[in-house]
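I opened the model to note its overall make-up and then to look up one residue. The entries are kept in the order of looking.

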Amino acid sequence: MNSTARPAVQIALATGAGAALVDLLCELNASYADAGVATAPREAVHAHLRDHLLAPGSPVRLVVASDAAGTALGLAAIVLLPSLVDPSPEHRRQCLLKELFVGAHARGQGIGRLLMAWVTQHAAGEGCGRMDWNVKDSNHAGIAFYKSLGAVQVADRLSFRLTREAMDQLAGG
């Protein structure tokens, strides 16, 4: 047997707020601490997963890669949206990749590529004609990874954000 063979990985849409997925979301939350996001307590992460991300009617679909023991290795958060400008059957929907995250213990094993392959197959099956996502310009490894998948950088698009304070000012004025 090849000692570099990848362990069996199962990829599926999340249907429940199990401990392994909560662990992975806690790790994801902690990874944003350097970007000014407060680290949330495990109970808050679990409640958010159960009550919002996996709640009936949530537009978010969580795609989870797990090993045979049920350990969550990585996840992709996607939203499928109808196109506003192209009603043709092959382009009437698009897939927004909100997050792609692989736990530190599973990096370098091809989990990100497996997740992206699963998401593209799922999105195509749901009638999506394209996928879009953002990546920090300082994330050189991520950019190289996405380009290795065949993704192209959209040169004429910029990412914008209103903070809550700016939202409140705009809404009140």
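The notes below go from the whole chain to a single position.

Conventions. I worked on a predicted model, where local features need pLDDT of at least 70 and side-chain atom pairs count only at pLDDT 80 or more, while totals for chains, interfaces and linings use all residues. Numbering starts from 1 along each chain as its sequence is written, and side-chain values use heavy atoms, with hydrogens and water left out.

Fold. I took helices (H or I, at least four residues) and strands (E, at least two) as DSSP runs numbered from the N terminus. I found 5 helices and 5 strands, in the sequence order β-α-α-β-β-β-α-β-α-α.

Extent. Along the principal axes, the C-alpha atoms fill a box of roughly 65 × 40 × 35 Å.

Surface. I noted an accessible surface of about 11400 Å² (Shrake-Rupley, 1.4 Å probe). Carbon and sulfur atoms hold 56% of that surface. Of the 173 residues, 28% count as buried (under 20% relative accessible area, 1.4 Å probe, protein chains only).

Contacts. I counted a contact as heavy atoms within 4.5 Å. Among contacts with a separation of 6 or more, 60% join residues 24 or more positions apart.

Single position. I looked up Ser66, which is found in strand 2 (residues 60–67). Is Ser66 buried or exposed? Ser66 counts as buried because its relative accessible area is 15%. Leaving out residues up to four places away in sequence, I listed Ala8, Val9, Gln10, Thr71, Ala72 and Leu73 as touching Ser66.

Technical notes. Buried means under 20% relative accessible area, exposed over 50%, partly exposed in between (1.4 Å probe, protein chains only).
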